[in-house]
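Biologist: I am new to this structure and would like to learn how its packing is read, one feature at a time.

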Amino acid sequence: MIGFWLKALTRPTLDLTLATHAGLETRIVERPGAVLDDEALGALVEKLRGIASRTLDKGALTYGVFSGERERLAQTVVTLITDKASGQAIAFNALAEMKIPLDGDTQTVTHLGLVMVDPEARGRGLSWVLYGLTVLVLFVRGGLRPRWVSNVTQVPGVVGMVCQTFSDVYPSPDPGSRQSFAHLTLARRIMRDHRDVFGVGPEAGFDEARSVITNAYTGGSDDLKKSFEVATHHREERYNDFCRHELDYERGDDVLQIGRMDLAAARRYLLGQVPRASLPGLIGASLFLLLQSFVLPLFHWLDDSRRFGILRPRAAKAKP
């Protein structure tokens, strides 16, 4: 585990592997379309397609990471779980990073992306890795700066997990949830410029007040459409009731959730979702990434003998 995080200190992009479960290996690859050669990239995409072929009853997805396009994969962070014994990939999450202007600045919004688990691997406690680990790593690596996240789904179980993991989530049935101007602005920009990230076609509508995408399954994600009965339900009934009331499953609606990863969300994730056996290593890992993102730049800035950014080293004293 320590070796995994030490590698993060010297790499500009993440391509790291760690053991998160007995017999399983998790790999996080940041921007594979920009850093992997053709052979390695092709092998990664084939593993993702293999999981999809065993997960979906029919059809083949054509958007996002499944396209194999370098440009698309250069804006993606892939989390891949592999069975060590067989070498078979059994689950993945593909996050997308979108640049969106907000309040006079450009924000990086991390789209939680598509999660797929081989049916034979379900029930092995993979959710904490697939739905939160990579976002936590990016958050810590970014110096604990709050980062916006987005999520598009019609699955009540996922809606509830996003609400309970991240902060300031809208839409949500939880008390206190409200749509701020930032929520609305980000949602408008995502629907205007980034529909291809989650496979929603131009003909899909968007109800801004409820943050609901109507007729969403027409832009490459067609085979993901589910009925309410088939979609995975949440153990807390309010999330199931929320989706049943807000979404037309026959038409094919999705919610577009906007929230934030911040210190409060990181604490909830670490204490509420990460298994106790994995918690010490993950906390230690976070400290190493924090060292890279905050402490080391401070030391470099205080060192006046070497160049740091636009700061030049102090001129050496002339010899007498």
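Predicted model: local features only at pLDDT ≥ 70, side-chain atom pairs only at ≥ 80, totals over all residues.

Modeller: Residues are numbered from 1 along each chain as its sequence is written, and side-chain values use heavy atoms, with hydrogens and water left out.

Biologist: At what angle do the axes of α6 and α8 cross?

Modeller: Helices are DSSP runs (H or I, at least four residues), numbered from the N terminus, and axes are lines fitted to C-alpha atoms, for helices over the stretch in contact, with angles from 0 to 180 degrees between N-to-C directions. Here the axes of α6 (residues 156-165) and α8 (residues 237-246) cross at roughly 120° and come within 9 Å. That makes α6 oblique to α8, since angles under 35 degrees count as roughly parallel, over 145 as roughly antiparallel, 65 to 115 as roughly perpendicular and the rest as oblique.

Biologist: Which residues make the contact between α6 and α8?

Modeller: Contact means heavy atoms within 4.5 Å. On α6 the residues are Pro156, Val159, Gly160, Cys163 and Gln164, and on α8 they are Arg238, Tyr239, Asn240, Phe242 and Cys243.

Biologist: How many residues does the largest nonpolar core have?

Modeller: A nonpolar core is a set of buried Ala, Val, Leu, Ile, Met, Phe, Trp, Tyr and Cys residues joined through side-chain atoms within 4.5 Å. The largest one has 48 residues, and Ile81, Leu126 and Phe166 have the most contacts inside it. Helix α5 (residues 127-141) gives the largest share of this core, 11 residues. A second, separate core of 42 residues includes Leu73, Trp148, Leu186 and Leu256.

Biologist: How do α5 and α9 pack?

Modeller: Helix α5 and helix α9 (residues 263-272) pack at about 140°, with their axes 11 Å apart, which makes α5 oblique to α9. Among the residues making this contact are Trp128 and Leu136 of α5 and Leu263 and Tyr269 of α9.

Definitions and conventions. Helix = DSSP H or I, 4+ residues; strand = E, 2+ residues; numbered from the N terminus. Buried < 20%, exposed > 50% of the residue type's maximum accessible area, 1.4 Å probe, protein only.
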